[in-house]
Structure formats: C-alpha cells, structure tokens
Amino acid sequence: IFFFIGTTYSVPPFSSIIDFGDYLTESWENETIQPPIPHAELLTLNELSEKFDSVSINKIQNKLKNNNIIFNSTNETLEEIAKLNNLTPIEIYNIITTQTLSGVSGGGNGTGIGKKTLIEFANDNSKDINQLLTVLKKHNIHAQKKQTFREIASENKTSPKEIYDLIK
C-alpha cells in the first residue's frame with residue numbers, strides 16, 4: 001500500500017525514480033536512428049542501385065571511390081563495406097546518397113532531403129551555413145540553421161526540392 005500511494009501521488013523518492021526512468025526512456029528514443037530503407041545494411045551495392053532506379057551502379061562506385069571508401073565488389077553489402085572502412089552502414093549509405101541521389105526524382109521526391117537540416121546539409125557539402133542563409137534570404141526564404149528542408153519549405157509555401165535547388 002505504501003508503494004502504491006507513493007507512486008500514485010508522485011511523492012519523493014518515488015517521483016524521482018519515475019522521473020529517472022522517463023529520462024532513460026527518452027534518452028534511448030533520441031538515439032534511435034531510423035533506417036532509410038528497412039535493413040539497408042544487408043543490401044549490396046547492386047541492390048541499392050536497383051532501389052534507386054535512376055542511379056547507376058557506376059555512379060555509386062564513383063561516389064565511394066571519391067570518398068576513399070574501400071570495397072571489393074558491387075556484390076558486397078553496406079555492412080561489409082562499413083566494416084572494411086571502420087564506419088557504420090548508415091554512414092556508408094549517407095556517403096552514397098549525399099549528392100548522388102540529389103538528381104533522382106528532382107532531388108526532393110523520396111530522397112530524404114526533406115528530413116535533413118540546413119546545418120547538416122552545409123556540413124555534408126562543405127558549405128558555409130551563413131552563405132546558405134544569405135542565399136535563401138535573397139530569395140525571400142526565411143530559414144534557421146536547425147530547420148529541416150521540409151520545415152523551411154512548409155513555412156515558405158514552397159517545396160524541399162526548390163529550397164535544395166536554390167542552395168546546391
């Protein structure tokens with residue numbers, strides 16, 4: 001009865017324990033990375049190329065080579081390539097998809113650009129965030145560094161693709 005009343009009415013130390021449990025739950029949820037494609041780490045480069053029908057395997061290979069990523073064949077999975085390079089599969093996926101997929105479907109239809117923040121885009125593409133903000137401002141687009149392309153587009157009644165096209 002003592003424990004039931006203590007937790008029901010959030011009396012210390014019971015409330016502290018519940019708050020700590022909530023904190024731990026939230027910290028795990030914030031660290032969760034949503035995969036771009038279910039089980040993408042199991043896809044080979046050939047299969048990944050097929051998933052993005054407008055991207056040739058040659059383009060993917062060139063992207064990896066330009067980023068000094070070691071791989072032996074296009075039949076290796078993202079997980080295998082990641083292990084060879086001491087990276088995670090999501091990092092390999094991001095290397096492949098950053099800019100490689102920007103031309104697919106106009107750079108905004110299903111390529112994930114809408115989920116990327118402006119600061120992430122700047123860092124991934126070696127661009128100055130302040131210059132990007134200036135370009136957007138010149139086009140009457142109001143944006144903040146931590147906003148996603150989708151948020152910026154929504155607030156400015158445009159599309160993530162149009163935002164991307166302005167700053168690429």
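Me: Which residue just after H8 takes a positive phi?

Reply: In this predicted model, Asn140 does, with a phi of about 60°.

Me: How do I read a nonpolar core, and which residues of the largest one touch the most other members?

Reply: In soluble globular proteins, nonpolar side chains tend to be buried together. The largest nonpolar core here has 17 residues, and those touching the most other members are Ile37, Leu45, Leu48, Leu64, Leu78, Ile92 and Ile96. At least two residues of this core come from each of helix H3 (45-51), helix H4 (57-66), helix H5 (78-84) and helix H6 (89-97). There is also a second, separate core of 15 residues, with Leu118, Ala122, Ile129 and Ile167 among them.

Me: What is Leu78 in contact with, leaving aside its neighbours within four places in sequence?

Reply: Its contacts are Ala40, Glu41, Leu43, Leu45, Leu48, Pro89, Ile92, Tyr93 and Ile96.

Me: Which residues make the nonpolar surface patch?

Reply: Ile1, Phe4, Ile5, Tyr9 and Val11 make a patch of about 620 Å². Val11 lies in the loop between helix H1 (2-8) and helix H2 (14-31). Its relative accessible area is 38%, so Val11 counts as partly exposed.

Me: How many salt bridges are there, and how do I read one?

Reply: Side chains of opposite charge can pair when their charged atoms come close. The count here is 2 salt bridges. In one of them, the side chains of Lys116 and Asp124 meet, with 2.4 Å from N to O. Asp124 is partly exposed, at a relative accessible area of 40%. Another salt bridge joins Asp165 and Lys168, whose closest N and O atoms are 4.0 Å apart.

Me: Are Asp165 and Lys168 buried or exposed?

Reply: Asp165 is partly exposed, with a relative accessible area of 31%. Lys168 is exposed, with a relative accessible area of 58%.

Note on methods:
Residues are numbered from 1 along each chain as its sequence is written. This is a predicted model: local features need pLDDT of at least 70, side-chain atom pairs count only at pLDDT 80 or more; totals for chains, interfaces and linings use all residues. Side-chain values use heavy atoms; hydrogens and water are left out. A nonpolar core is a set of buried Ala, Val, Leu, Ile, Met, Phe, Trp, Tyr and Cys residues joined through side-chain atoms within 4.5 Å. Buried means under 20% relative accessible area, exposed over 50%, partly exposed in between (1.4 Å probe, protein chains only). Helices (H or I, at least four residues) and strands (E, at least two) are DSSP runs, numbered from the N terminus. Contact means heavy atoms within 4.5 Å. Patches are made of residues with over 30% relative accessible area and no salt bridge: like charges are joined within 9 Å, nonpolar side chains (Val, Leu, Ile, Met, Phe, Trp, Tyr) within 5 Å. Accessible areas come from the Shrake-Rupley method with a 1.4 Å probe; for residues, only the protein chains shown count as cover.
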